[in-house]
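Dear colleague,

Please find below the structure that I am handing over to you, followed by an account of what was found in it. I would be grateful if you would read the notes alongside the coordinates.

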Amino acid sequence: MNSGKYLSTRLGRVNEDIKKAYVAGRRIVILVTAEPDFVDSLIALNSIFPSSCKVKDKYGTTRSFIGVRHVFTPAFIPAEPQNAPVESPQLIVWQGDKLPAESLRNYVFHCSASSFAGTDLDSRARGGSSPFDALAASLLLIVMPEAPSEIPPEVVPYTQTVTVPMLGKEEFGELVSRSLAQIEGVALATTPEGFDTIADTEYLTRLYRTMFGMGARQVLSTLAYHRTRLGKVYFNTADEAGLRTFESLLADIRRDAASILSQSSALTLIDTTNAPVPAGLEEINRWLAQNRTRVKNARRFEPYVMLPPNGIILSGIPGSGKSMMAKYIGYTLDVNLIRLDLGSALGKYVGDSEKAVSLALKLAEDLAPCVLWVDEMEKAFTGGHEVTTRIIGKFLTWMQEKAERGISCFLFATANDISKMPPELFRSGRFDEKFYTFMPSASEAAAIFRATVERQCSIRRKASPDNVHLAPLFDLSTLTADAFIREILCSPASIRREIEPTQLDVARDNKFYIGADIAHMVEKAKLIYLNRQYPVDSPSAVFRTDLFFEALRAAASEMRSYGETNLGQIAECYAMLASQNFIPASGANLMPFAGYDAVRYQMQRRRQQADPTVTPALYALRDESAHLVDKCLYDRQLYLAVRNTINRSADSILSKLQR
């Protein structure tokens, strides 16, 4: 194996890390891995010790470290100094779930008097008389499935923790390629780096992305299982039929890959779909386009002293597409999407919660590059008791350090109520950007409507049995976004009472919709259409457009929209996000933060005491007419309703923000 290939494999990197630890005097190495095969390969490599490590045995003969001793009891190093555990320096291997703390304490006690913790070997191991001379020059390899939560303080200076990384892309490609060559006769070629690989790079890339996180044995056993089912597992991606079978295989393997995360009840692998960016979140999509490469290939930016992105947080109005955005991010970044439920990690025994969170975060790191999605993040930080405080500290520390350690685990956090989250979470450096979602504008609401009906048409076409033609549900040529704005959003069914810019009327009976409202409206309209026994299965679509708009208007008049019933919550949410300097996820920016000014409002309140004609306003744009001039009726009324609600509830809003 050439040196370049050796150092680019995890076996080579781990072997070199152990060597460095030994030379630095850290003779206790905690190797974190759940792969017994890797440990066997590491030992078989027979090069853990530096080549310069030669010592004299008790007979005065100079020899290398060649002995390997496996121990199976935690008390493998005795406390009595007259009982030497080894006669010559060797590799002592212990594997278990718990740290053999007592043996490690005994090791430190017996060896601490020597000067072995340096670059030179222990002088006593070169010919001294202590029965523990050989032990002082040995290496203790403690193999554990996860890093211990606590190491005895006296042992820490002699200890190095080395975590075995997941299979890299080249190493994975060689592993799979050699299997395909041996069993299915696929031709191999050697890359300039020395890896044996098949020519179909798309096959290997997509398979690697799907199986990322599996150990070598799990990769081979998974492929062997599907080979017994399909007869083979290599399908040429350049062939259309082969590509379809390969994609079916990937879907099956993806379900198998979820078992990797079964070690943690808090983690779930989420399927991503090829979906357009959710309406109203275009600014996030623009940010992703600029940072996609930094997430997927962070090493390219290391020469420029640029760390991987920490992640982004998205907060705002419920039902505005935050969860949909998580799936889109996973798809557009082309990495695994892992959902983290911090609430599920909380245990009932002391230490269980911290251990569960540590395990979940370690697994997420092992699967990097990936997107770690923390949904409704505020729920994990409520309670205020000691366990919650420790978990907050652990999570914040991890957020700060993961990028510094070069771990490309992109955090996508969503929250509905950021007032329940600790302020330190929003400190600079925690997230790369803080986005907020607001009530969709008319054009965004229409785009959500259009995407909803398009998706239903697509599903109906896919459900066609035996390629028999089925008419789409809707005539998409006439059921347009503009028609939805005209017929629904700006109709009397939605705008029941028009507000003038100079008025302070809130007009709570006007309907303003979030994405969830629009999806519900479509379902309700379909039911109304069918109950009215309107014509079905016309030549162009199942639902006739003019009659379906009638059903939509009826559905809109019967339902209570989110903006109709929650204007107070919308105003409070907006004020909280403005106070934390979030930026709009939408390009529409219906309520610019420039209009929100708590300091100005307090000054106006003080002036009002001397001048009753002064009207304090928590939200007031300098040139409101210019902002509204190009807005449709729906957008103008939504803006005015929220503005007036903020100003009417200003004292209550500011009081809640100061808690």
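Helices (H or I, at least four residues) and strands (E, at least two) are taken as DSSP runs and numbered from the N terminus. The model is a predicted one, in which local features need pLDDT of at least 70 and side-chain atom pairs count only at pLDDT 80 or more, while totals for chains, interfaces and linings use all residues. Residues are numbered from 1 along each chain as its sequence is written, and side-chain values use heavy atoms, with hydrogens and water left out.

Overall composition

The protein contains 23 helices and 16 strands. Of its 659 residues, 50% are buried; buried here means under 20% relative accessible area, exposed means over 50%, and partly exposed lies in between (1.4 Å probe, protein chains only). Contact is defined as heavy atoms within 4.5 Å. Among contacts between residues at least 6 apart in sequence, 75% join residues at least 24 apart.

The parallel sheet

Strands of a sheet pair through backbone hydrogen bonds, either parallel or antiparallel. Two strands are counted as paired if DSSP finds at least two bridges between them. An open sheet is formed by 5 strands in the order 4-5-6-1-7, with parallel pairing. Strand 4 (67-71) and strand 7 (159-163) are at the edges; each has a single partner strand, so one side of each is left without a neighbour in the sheet. From one strand to the next, the twist averages 20 degrees. Angles run from 0 to 180 degrees between N-to-C directions, and axes are lines fitted to C-alpha atoms, for helices over the stretch in contact. Helix 3 packs on this sheet and touches strand 1, strand 4, strand 5 (90-95) and strand 6 (139-144), and its direction makes about 175 degrees with that of strand 5. Strand 1 (residues 28-32) pairs with strand 7 in the parallel sense over 5 bridges. Within strand 7, glutamine 160 is the bridge partner of valine 29.

Packing of helix 2 on helix 3

Two packed helices are described by the angle between their axes and the distance between the axes. For helix 2 (residues 10-23) and helix 3 (residues 36-45), the axes come within 11 Å and cross at roughly 65 degrees. The crossing of helix 2 with helix 3 is right-handed, a crossing being left-handed if the near helix is turned anticlockwise from the far one by less than a right angle, and right-handed if clockwise. On the side of helix 2, Arg10, Leu11, Val14, Asn15 and Ile18 meet Phe38, Ser41, Leu42 and Leu45 of helix 3. The residues of this contact divide into 6 nonpolar, 2 polar and 1 charged. In that division, Ala, Val, Leu, Ile, Met, Phe, Trp, Tyr, Cys and Pro count as nonpolar, Asp, Glu, Lys and Arg as charged, and the others, Gly among them, as polar.

Salt bridges

A salt bridge is a side-chain nitrogen of Lys or Arg within 4 Å of a carboxyl oxygen of Asp or Glu. By this rule, the count comes to 29 salt bridges.

One of them joins glutamate 154 to arginine 105, with the closest N and O atoms 3.0 Å apart. Glutamate 154 lies in the loop between strand 6 and strand 7, and arginine 105 in helix 4 (residues 101-111), so the pair ties together parts that are 49 residues apart in sequence. Glutamate 154 is partly exposed at 36% relative accessibility, and arginine 105 is partly exposed at 33%.

Glutamate 174 and arginine 178 also form a salt bridge, the closest N and O atoms being 3.3 Å apart. Both residues lie in helix 6 (residues 169-184), 4 residues apart, about one turn of the helix. Glutamate 174 is buried, at 10% relative accessible area, whereas arginine 178 is partly exposed, at 40%. Lys5, Glu174, Arg178 and Asp196 are linked in a network of salt bridges.

Residues with positive phi

Most residues other than glycine have a negative phi, and most peptide bonds are trans. Glutamate 376 has a positive phi, near 45 degrees, and is located in the loop between strand 13 (370-374) and helix 13 (386-404). Glutamine 533 also has a positive phi, near 55 degrees. Its place is in the loop between helix 16 (515-531) and helix 17 (545-558), and glutamine 533 is exposed, with a relative accessible area of 71%.

With kind regards
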